[in-house]
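Take a walk through this two-chain model. Begin with the overall build, then move to the packing and a few single residues.

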Amino acid sequence: MKRYAWYPLLLLAVTGASSAFSQENVPAHYGHERVGGILGALLRISDVILNEWLAFLDWFGGLWAPVLAPIFAPLNRLLASVYQPWATVITLAYFLGAMAWVAFILKPSYVNNGRQHAAWYTDLRLWTALSMLPHLFVYVYFR
Amino acid sequence: MFVQLHWIDMLIILVYMIGCFVIGLYTTKYIDNAGDFFLAGKSLPFWAVGFSIVVSDIGATDFIGVAGNTYVNGVSAANFDWLGSMPAMVFAAFVFVPYFWRSGVFTIPEFLGRRYNAAVQLLNASIWITVMLISLIMMLWTTADDLVRTMLGFDPYYTVWIMAVVTGIYTFSGGLSAVVMTDAVQLVVMYVSGLSLLALSLWEVGGWSSMRAAIESMGGQFSTHFTILLPNTHSEFPWSGIVFGLGVVLAIAYMSGNQAIVHRTLGARTEWDAKAGMLLGGFLKSFIPVMVALPGLCALVYLPHAIQNDPNAVPAEMYQMVDTESGPVPVLNERDRVVPTMMRLMLPPGLQGLMLAGLLAALMSSISGTLSSASTIFVTDIYNRGRQLLGFKALNEKSALYWGRGFTAFLIIASSLLAPQFDRVDGLYNFIQTVLSLFQGPTLAILLLGILWPRANRWGALTGLLLGVLFCFAMWCVPNLFPAEDPFLYIAMYSFLFALVVTVVVSLLTPPEPEEKIRGLVWSSVVQDPAAQAALNARIEA
């Protein structure tokens, strides 16, 4: 089994090396049209697929625009009207809420389930709070 | 114009590459079966889990992409590693990871398969394989084209294949053990090089205060460079999208439902190690913006001076002059070329090699992590599950190991072949986030309901996931639907809500799952049911 398991790896090395060294004077900015052989054909096929895909995206977007635009326009206006300082308040509350949830709401036995040495420095409630404190400073400093 | 690497630089890079290669191959001797290859034999301590999560998550795309975003948008780009990491990782550590670890699964789709059914498992696995392929391609091409070509002038096609072969070989041989062991080395290299770039950048611009004053004096588009939560009118990172889309949906979905992240915790030796590893990962990730985002800010001050002193320091076609309140300032046209340009202009011999090794470390760890996770998903959730559904026998340990290695090789070859196609994509960080946003919201909705709400059933999950992804796709295709240019933050937020509602409604309209099927897989049964807890503990010990 081990002997055969190396075959895909060999294929990887050979394909990579032959593909890389089959090109001559490749410009600094890569161009598909300069590549020949099987690799060139594969790249040109993928070009066609990509172009067709982009055309499909345009069509699909046009199909949904009349349905979705009236739904999201009022939601966008609602969010835009929210007072900017609320952003910092909500973010700080999010961090503090996560700390409080682990420290006070979850059972300590659940938080530390599976630990091999019961000591204060293996209590994950402590490390959760310590890990989150710097973030509070960051969001206050860059408010 | 390109860097001529000193022999010291070459030596550092060579030692690093050979070191990773040897460590990766050394772990091969511990690989006897699929459990060793895919989950490192459930033997990982918390520090290895934490280190591996960070370096697998932070790729060269982050070094380049986040610095580029900071150059254009300021510190708000750092939200992805602050608001977008720690709270989500706390949530993942205490809500999702214990259930994944206790249920003894190899992958997240496998968990969904047990909780719901095979259709949900196959659909989720297929989505992840596709996304991982795209991520691999982006990682390879970004480093090869934006980094190595800008710095050294090497042809990107050669670079892609060299990196693919080196990383592919040790992942192919050692599986998750090789990934985690090399990740520990790569973390050290990455942090030393990143902090060196930061220290030199700050030194060159006269320190933090001087840099901040210089950027703020430029006014106009640079006036909000030190505001972390930008107004809702901002074209890229409006605060409502950042707080609700990133913080509440995308980040939690990424940290809890992404196999490449959760994979390491599944290989932890105890549940405590899995949770502690996740927390350590979140803490270490907090330093990433300091290393990768601040050099982007320094570039705004440093590059004008460099160009003033030497007009040929940066090719004229790579930048344009922008009028600011402190006079015209040269600004690079492509944000993703900021870090490579800084490295080329600023770092002395020795540090250039170290920095390049650090970026290669970031890249290789991400590639190997993604390869390992993708092969685990393919074998567990697509090939093996597909065989069972078609009536064939499940793969034995040896066959699973063989298929895991084979798919690893296939994936890296396919990624390398397709990499040049991504030459057309600018703003790669946003592109990857957009791809992720297309299904992260719906996936989080069914995962969350699956753990927290016993009434959620297979029909609800399948409909929620399918319609949720379709809804995401429709939102993505309609131009100017949201105020942001790249609307991935809003797509994630609304698709999560949409999938949540669909899953709840369909679940309520269809029969519930049998109680014995979901025992031990939902929060209430594990926390409140001693029998379920005992059964899970027995399964772990077995």
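Helices (H or I, at least four residues) and strands (E, at least two) are DSSP runs, numbered from the N terminus. By that count chain B holds 23 helices and two strands. Its radius of gyration is 23 Å, close to the 24 Å that the globule rule gives for 542 residues, so chain B is as compact as a globular protein of that length. That radius is taken over C-alpha atoms, and the rule is 2.2 Å times the number of residues to the power 0.38.

A note on the source comes next. This is a predicted model, in which local features need pLDDT of at least 70 and side-chain atom pairs count only at pLDDT 80 or more, while totals for chains, interfaces and linings use all residues. Residues are numbered from 1 along each chain as its sequence is written, chains are lettered from A and ligands numbered from 1 in the order in which they are written, and side-chain values use heavy atoms, leaving out hydrogens and water.

Stay with chain B. Along the principal axes, its C-alpha atoms fill a box of roughly 75 × 50 × 40 Å. Of its 542 residues, 68% count as buried. Buried means under 20% relative accessible area, exposed over 50%, and partly exposed in between (1.4 Å probe, protein chains only).

Now chain A. It has six helices and zero strands. Of its 143 residues, 34% count as buried. Residues 24 or more positions apart account for 40% of the chain A contacts with a separation of 6 or more. The accessible surface of chain A comes to about 9100 Å², with 72% belonging to carbon and sulfur atoms.

A nonpolar core is a set of buried Ala, Val, Leu, Ile, Met, Phe, Trp, Tyr and Cys residues joined through side-chain atoms within 4.5 Å. The largest has 194 residues; Y139(A), Y16(B), F94(B), F96(B) and M343(B) touch the most other members. Helix α8 of chain B (residues 156-204) gives this core its largest share, 18 residues. Apart from this core lies another, of 20 residues, among them F473(B), A474(B), F482(B) and Y490(B).

Leaving aside residues up to four places away in sequence, Y139(A) touches T88(A), T91(A), L92(A) and F95(A), and in chain B N79(B), W82(B), L83(B), I228(B) and L229(B).

N69(B) sits in helix α4 of chain B (residues 60-73). Its relative accessibility is 3%, so N69(B) counts as buried. N480(B) lies in the loop between α19 (458-477) and α20 (488-509) of chain B. At 77% relative accessibility, N480(B) counts as exposed. N480(B) has a positive phi of about 55°, although it is not a glycine.

How values were computed. Contact means heavy atoms within 4.5 Å. Accessible areas come from the Shrake-Rupley method with a 1.4 Å probe; for residues, only the protein chains shown count as cover.
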